[in-house]
Amino acid sequence: MVVAGIFDRVPVTVRVILARWFIYVLATLPGLVSLQGHLNDTVGKRPWFDDVEMPLSILNVRLVTAEISDGITVLMLGALLVWLLQLIWLAGAVRVLDPQADAATKKVFANGRPYLWRYLRIAFFALLVIVALHLGVKAVFTSLATRAELQGWSVVKSYIDLNLWRGAILFVLLTVIGVFVFWMRVITVVTDERKLRRVPRKVLGVYRRNFGAAFLLQFAVVTVVLALQAAALFAWRQAGGGAAWFVAWLSLLLVAAWVWQWRVSYALRLTSGVR
């Protein structure tokens, strides 16, 4: 009871950030621990890895990935858990951070659970769009690859450049979809909308009124966070790990949790036109 009373006095913003942070930590730690054991049983017993120097080359990274492929299942289960928990978290964060909401409690997950089914339906809609766009991009670049072979393009131009452009275009499209889906989820909770076919039109209305703040800023924030995470992974490949990297990893997750809280709080300022 004493602990519960202390937690009740924690500011809502801090509670939302810590809830997101604990989702990351508790969901990923079991997978990392399992993966460490799998590394010891596979890579650690392969003699051809004895003389490998750090940082690992791209080839060695691929060889290590192939060796631990059996442990990927555990990581995928952890990723699924993170995804489900973050859906509940997002709905709950919108509820408790919205000053106009009539939330009976400030418990993040208790407020988010009733919206899980609606969020899963939004995810299914997003998946259909992603698959369609992926197939479209794949068809375009397959055609370009065929043209490159027929016209005798150089290896750099026909393979490296095409793959870089394909990756960049897919990243932009997926981020655009991600921002749109984020707004769909926020508006679904703010308006308590049950007929989700109405929500995309409301998102477009928010874009029309505040395109810079609603789309461009959110897009930029997501891009920066993903770039920082990619840089951290690349830096980890260059180092030997240890306690310092564990603390850095926890800190990066805390920063990501704060950014998500900020995204929700900022988005709520722009929802007056859809209430």
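I began with Arg118, which is buried at a relative accessible area of 5%; buried means under 20%, exposed over 50% and partly exposed in between, with a 1.4 Å probe and protein chains only.

I noted the basis of the entries: the model is predicted, local features need pLDDT of at least 70, side-chain atom pairs count only at pLDDT 80 or more, and totals for chains, interfaces and linings use all residues. Residues are numbered from 1 along each chain as its sequence is written, and side-chain values use heavy atoms, with hydrogens and water left out.

I looked up the partner of Arg118 and found a salt bridge to Asp192, 3.1 Å from N to O. A salt bridge here is a side-chain nitrogen of Lys or Arg within 4 Å of a carboxyl oxygen of Asp or Glu. Arg118 belongs to helix H6 (residues 116-151) and Asp192 to the loop between helix H7 (155-191) and helix H8 (199-209), so the pair ties together parts 74 residues apart in sequence. Asp192 is partly exposed, at 38%.

I then turned to Glu193, which is buried at 9%. Glu193 bridges to Lys202 at 2.9 Å between the closest N and O atoms, and to Arg198 at 3.7 Å. Lys202 is partly exposed at 22%, as is Arg198 at 34%. I recorded a count of 3 salt bridges.

Finally, I checked the overall fold. The protein has 10 helices and 0 strands; helices (H or I, at least four residues) and strands (E, at least two) are DSSP runs, numbered from the N terminus. Of its 275 residues, 35% count as buried.
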